[in-house]
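Trainee: I am new to this structure and would like to be guided through it step by step. May we look at it together?

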Amino acid sequence: MPYSIDRVGDTLSFLGEGPVWDERTSTILWVDILAGHVHALETATGRHARLDLGEAVGVVALCPDGRLVAGLKDGFAFVDRRTGRMERIHNPEAHLPGNRFNDGKCDPSGRFWAGTMPLTEDRPTGSLYVMGTDRHAHRMVTAVTISNGLAWSHDRRYLYYIDTPTMLVARFDYDDATGSLGERRTAFRIPREDGYPDGMTIDAEGMLWVAHWGGWQLTRWDPVTGAKLDAIRLPVANVTSCTFGGEGFADLYVTSARKGLSEAQLAAQPLAGALFVIRGTGSKGQPAHRFLG
Ligand code: CA
């Protein structure tokens, strides 16, 4: 497949994650989680803004009014994209100071889902939460170790979900009317030699793209048959997440991380932490759902 891989911008994130494409401003946003930074790069002009939230930020999603909704070290907040000013909403884990929010996304009905993980990454003390449009949060999945990728099937019947150490993509029955989850099954498993499943997106054909931490690659899967359809190698080990953006949602933006790499590994991977764009995959995405709360 004649695709190209290019670096975007000149930032090297320590823990780059959570790319979101805002088609209204042709901007790619992503977070540098432990630094507490939100990056926003206008692709047409190259204008790059960085918000410093002063607190670990695991995820941001778009709101219709241009603000962001974020999952932070300490709960949910709205973020003003121009000033970085935060308006706290709620912290469902105020009783768990050893946890932080990690990956998240909005569902097709505008609820905001985000999961937590222990800072130590070694115990299943995390959960997956949903914050409804009434801004109340509910705990939906428990005993999570590293809550990561989320994607909804286009028929809105399933939520696909990654808890990284499980080495699989789970499929939950999903009720879009209520936001409730039903039975949990395994959609497909990730071979250990391919690295750890991290962030995820769904393309217009309903196929899942999975980022592989420690695996130097993105992979594309049919979640119905469990077949692996494609793999794209990247010049960095820790591939963290991906989303489609650009003209016609045909460009695949990919985040990466420097975290966990030795000096020698960093020397061998000078682009670790960079944002990449892959063109020519033959796949395309759809607009990100907004938080309607
Ligand atoms: Ca992640």
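Trainee: How many bridges join E14 to strand E15?

Mentor: Please keep in mind that this is a predicted model. Strand E15 covers residues 158-163, and E14 and E15 run antiparallel. Within this pair, leucine 150 stands opposite tyrosine 161 in E15. The number of bridges that join the two strands is 4.

Trainee: Which strands stand at the edges of the open sheet that contains E14?

Mentor: The open sheet has 4 strands with antiparallel pairing, in the order E14-E15-E16-E17. Two of its strands have a single partner strand each, so one side of each is left without a neighbour in the sheet. These edge strands are E14 (147-152) and E17 (180-189).

Trainee: Why is strand E20 described as largely enclosed by the rest of the structure?

Mentor: Gln217, Thr219 and Trp221 point one way from E20, whereas Leu218, Arg220 and Asp222 point the other way. In a regular strand, side chains alternate between the two faces of the sheet. Strand E20 (residues 217-222) is largely enclosed because its buried residues number 6 of the 6.

Trainee: Which residue takes a positive phi in the hairpin of E19 and E20?

Mentor: Strand E19 (residues 208-213) runs antiparallel to E20, and 5 bridges join them. Histidine 212 stands opposite glutamine 217 in E20. The hairpin has 3 residues between the strands, and the residue with a positive phi, near 70°, is glycine 214.

Trainee: What is the bridge partner of aspartate 222 in E21?

Mentor: E20 and strand E21 (residues 227-233) run antiparallel, joined by 6 bridges. Their hairpin has 4 residues between the strands, and in this hairpin glycine 226 takes a positive phi near 80°. The partner of aspartate 222 is alanine 227.

Technical notes: Residues are numbered from 1 along each chain as its sequence is written. Side-chain values use heavy atoms; hydrogens and water are left out. Buried means under 20% relative accessible area, exposed over 50%, partly exposed in between (1.4 Å probe, protein chains only). Two strands pair if DSSP finds at least two bridges between them.
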